[in-house]
Structures are given as structure tokens and as C-alpha cells.
Amino acid sequence: MQPITPEDIQIRIDQLAGQNLYVHLELTTGAYASHLDSTRHPASAFISNAAVRYTQGSISGTGPYRVGLKTTQGWVYAEGLTHVDETEKERLILAGHDSQGKLIVALQLSRETF
Amino acid sequence: MKAEDYTAMKNQQTEHQRILVVFPHPDDEAFAASGTLAKYIDSGAQVTYACLTLGEMGRNMGIPPFASRVTLPAIRKEELAASCLAIGIQDLRMLGFHDKMIEFEDQQRLDNEIMALLQELSPSLVITFYPGYSVHPDHDATGAAVIRTIGRLPAAERPLVHCVAFASNHERAIGKADMIVDVTAFLEEKMASIRAHRTQFQAAELVGNQELTDEEIRTRFGTEPFWTYRFD
């Protein structure tokens with residue numbers, strides 16, 4: 001994973017617009033959040049391989065970054081993105097890592113299922 | 001013989017020929033039981049480790065992150081094999097369930113897989129998580145499936161079950177561990193097993209980024225507690 005360069009991500013978002021895609025969207029505090037600190041509320045959600053098609057999308061902010069995708073019937077949104085898997089050329093693999101390096105948010109788009 | 005005498009007798013039997021370990025995530029074996037397993041293997045035991053998932057939903061990607069959500073399963077698969085090699089585990093089975101989803105899986109499918117392993121291997125000892133006292137929902141669901149499946153066997157055919165527990169309230173509910181294994185003679189194997197999980201062990205709550213002294217390693221990793229599961 002490499003830190004996000006927003007200009008590069010914008011190009012990738014534009015390249016994937018207007019196509020039938022699969023999305024993996026995830027937000028997680030981790031299953032140990034309240035075990036390690038009882039004041040924390042553990043919360044996680046993910047959806048994998050949901051079919052999605054967006055007409056326009058952009059990356060925003062000064063880092064950590066936000067991404068919003070306007071779909072045919074609604075929106076896909078993620079905040080807190082910091083890293084991209086730079087080895088992936090076809091798929092867009094974005095993630096947000098917290099100060100300890102742990103994944104806290106993920107937004108992934110692909111023409112094939114994950 | 002009373003049930004508790006029978007359990008006590010089996011517990012004293014330190015030599016096990018065949019052991020089945022069932023945990024959901026690569027690295028569970030490293031932190032919970034690697035020293036104990038290395039010790040049993042050193043005495044001649046054959047160990048089968050059934051690892052239910054590849055830990056593909058884990059949050060640790062290495063520091064700095066060298067894995068991603070999409071590369072994590074393949075990387076953790078290699079880490080798991082390296083950990084098993086470090087411990088000396090002869091037989092690794094990766095059962096292919098999805099990380100975080102064990103509690104939502106088809107229970108029958110899960111139980112059937114575990115029953116098939118019990119029938120194939122006839123272990124004298126099974127090591128798993130204590131259902132309800134193991135923090136991660138996958139841990140609790142794995143332990144519950146193992147206990148449920150072994151509970152279906154006639155009492156005389158049940159292997160001894162040693163459970164790992166670490167929820168903050170666990171001693172209030174299930175008492176102190178009745179089996180505390182001194183693994184100081186096997187810390188080399190244990191630390192090699194832990195460090196094989198390269199994406200994971202540097203996390204602050206696990207080992208961290210600091211080099212540990214031998215004394216710190218002995219204090220933090222020198223014993224492994226287990227609770228014998230009572231079916232009655």
C-alpha cells in the first residue's frame with residue numbers, strides 16, 4: 001500500500017465510471033475495540049460484491065480523503081481513506097489506516113467479483 | 001468412575017498421540033497454544049490444526065502496511081504455513097470459511113466438518129476457544145461448534161477438550177484455568193510462530209515494534225492457560 005495521491009485516484013475513478021462494477025465497502029473498529037478499551041463502542045459493517053454503477057465520482061479533502069460516487073439510484077461514500085494498493089491496475093483498492101496502521105475503512109471497485 | 005475423576009485422569013495424561021486444534025484465524029494458534037503444541041509434538045504427538053478462515057478481514061496489514069484487503073488472504077495463508085512449520089505441526093487443514101462470519105454460517109455444515117475431523121483422527125485431546133469467554137465472535141462461535149459437536153458423541157468417546165479463554169470477566173464465570181502449561185523451554189518455537197505472522201505481530205496489543213528482552217518474553221509468553229471443558 002502507498003499513501004494516496006488524489007490526482008491519480010481521480011483518474012482511476014473516472015476510468016471506472018459508467019460501467020457495471022462490484023464494490024466492497026467496509027468500516028470497522030475491529031472486534032477487540034471494547035475488549036481493549038471498555039469506553040469504546042465496537043461497530044463494523046461491510047458489504048462485499050454489491051453490484052454498482054456510477055455516473056460521476058470524485059476524491060476530496062486534504063487527507064485522509066473522502067470519496068463519493070453518484071450511482072444511478074443513490075450514493076456510495078467513504079471517509080478516512082489514506083492508502084491505495086499501487087500494484088492493482090484494473091481494480092481500485094483504497095483503504096484508510098489509523099495511527100496504529102490498522103485498517104479502519106476500505107473502498108474497493110472492480111469489474112470482476114472480489 | 002465419576003465423570004470428574006475420569007476428566008482428572010485424562011488431564012494427568014500428559015502424552016497425547018493425536019491432537020486436534022480448531023481455531024478460526026491464522027495467528028490464534030501462535031498466541032494461544034504454540035508453546036503447548038511444540039511441547040506435545042516434542043513428546044511425539046501428531047497435531048492437526050483446522051484453521052477455519054484465512055483471517056482475510058483482519059485489520060493489521062503490517063507496519064507500514066504491505067498487505068491490502070485483496071492480498072491479505074494469500075499472505076496470511078503463507079504466514080499460517082510458516083507458523084505451523086515453526087511449531088512442528090504436521091497437518092494443517094484450511095477449511096475455507098469466511099473471516100468474521102462463523103457465527104452466521106450454516107451450523108450444520110460447520111458441525112459436519114468438525115465431526116468428520118473427529119471421526120477421521122480420533123484425537124485424545126482437542127484444543128479450541130471457550131465459547132462465550134473468548135472475545136471475538138469468531139472465537140466464541142468456533143468453540144461453540146466444537147463443544148456442540150463433541151457433545152453429540154457418547155460420553156465415553158469424547159476427547160478431552162482444553163479451551164482458551166481471555167474475556168475480561170472469564171474467571172468470575174469459569175474460575176481459574178485448571179491447566180497451566182509452562183512453555184519456557186519452547187519459547188523459541190513460540191516466538192518463531194508468532195513472528196511468522198508478519199502482518200500481525202507488530203500490532204501494539206500483540207507484540208509491538210520493540211525488541212523484547214528474554215525476561216519480557218518469559219513473563220509475557222512463558223505460560224499458556226487452558227480450561228478443561230466440563231460436558232456434564
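## Contacts between helix 4 and helix 5 of chain B

In this predicted model, L110(B), D111(B), I114(B), M115(B) and L118(B) of helix 4 of chain B meet A145(B), V146(B), R148(B), T149(B) and I150(B) of helix 5 of chain B. Two residues are in contact if their C-beta atoms, placed from the backbone, lie within 7 Å; helices (H or I, at least four residues) and strands (E, at least two) are DSSP runs, numbered from the N terminus. This contact has seven nonpolar, one polar and two charged residues (nonpolar: Ala, Val, Leu, Ile, Met, Phe, Trp, Tyr, Cys and Pro; charged: Asp, Glu, Lys and Arg; polar: the others, Gly among them).

## Geometry of the helix pair

Helix 4 (residues 107-121) and helix 5 (residues 137-151) of chain B pack at an angle of about 60 degrees, their axes 9 Å apart. Helix 4 of chain B is therefore oblique to helix 5 of chain B (under 35 degrees is roughly parallel, over 145 roughly antiparallel, 65 to 115 roughly perpendicular, and the rest oblique).

## Chain A and chain B

The contact between the chains takes 20 residues from chain A and 16 residues from chain B. On the side of chain A that touches chain B, strand 2 (21-28), helix 2 (33-36), strand 8 (92-97) and strand 9 (103-110) each give two or more residues. That side divides into nine nonpolar, nine polar and two charged residues.

## Confidence and numbering

The predictor assigns the complex an ipTM of 0.86 and a pTM of 0.91. Local features need pLDDT of at least 70, side-chain atom pairs count only at pLDDT 80 or more, and totals for chains, interfaces and linings use all residues. Residues are numbered from 1 along each chain as its sequence is written, while chains are lettered from A and ligands numbered from 1 in the order in which they are written.

Key
Axes are lines fitted to C-alpha atoms, for helices over the stretch in contact, and angles run from 0 to 180 degrees between N-to-C directions.
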